[in-house]
Amino acid sequence: MAKSLLRTDKEVEEIYKRNVDTVYRVCFMYMKNKHDTEDMVQNTFLKLISYNKEFINSNHEKAWLIVTATNLCKDFYKSKWSKRENIDDFENNIISYEKTDINETLEAIFKLPYKYKTAIYLYYYEGYKCNEIAKILNKPCSTIRVYLHKGRKLLKNMLGGDFDEE
């Protein structure tokens, strides 16, 4: 008899505990406010529940969650709702960066285009190497290096100082 690939509540809870902070940070990087971030985190873990394949290891699990969270956030901005609503109407609902304890560099990263933002975040905040980011984002390693280079250049201009390239 074939083993059921449905995850138990306990398995989902363990995956959640291991990865919720990372998923939250990835979602916040795109959504920039607590409420939408929490929605995207919830949607990411709902996708996990219905994902019926096994993960090879914890790195595969984390990478899948990061990609899923990123895609859900991008899809949110592509939706008709976000295009029809005027963001100024919701100005009072947005949590300021000061309340969420975000430094100037991370705030600048939030303003980068998606491709640079994701590569910079995964490299500097999650500690992934170029080849790992390439696998996660399904891009050639050379493309990731270009994203990192251009992202650093943009950050240097935004922050008006030295931003060391590694």
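## Basis

The model is predicted: local features need pLDDT of at least 70, side-chain atom pairs count only at pLDDT 80 or more, and totals for chains, interfaces and linings use all residues. Residues are numbered from 1 along each chain as its sequence is written, and side-chain values use heavy atoms, leaving out hydrogens and water.

## Whole chain

The protein has eight helices and zero strands, where helices (H or I, at least four residues) and strands (E, at least two) are DSSP runs numbered from the N terminus. Of its 166 residues, 37% are buried, that is, under 20% relative accessible area with a 1.4 Å probe, protein chains only.

Contact means heavy atoms within 4.5 Å. Among contacts between residues at least 6 apart in sequence, 62% join residues at least 24 apart.

## Helices H6 and H7

The axes of H6 (residues 114-124) and H7 (residues 130-137) come within 10 Å and cross at roughly 135°. Axes are lines fitted to C-alpha atoms, for helices over the stretch in contact, with angles from 0 to 180 degrees between N-to-C directions.

Thr118, Ala119, Leu122 and Tyr123 in H6 meet Cys130, Ile133, Ile136 and Leu137 in H7.

## Glutamate 61

Glutamate 61 lies in helix H3 (residues 58-78) and is buried, at 5% relative accessible area. Leaving aside neighbours within four places in sequence, glutamate 61 is in contact with Ile15, Arg18, Asn19 and Phe55.

Definitions and conventions: Buried means under 20% relative accessible area, exposed over 50%, partly exposed in between (1.4 Å probe, protein chains only).
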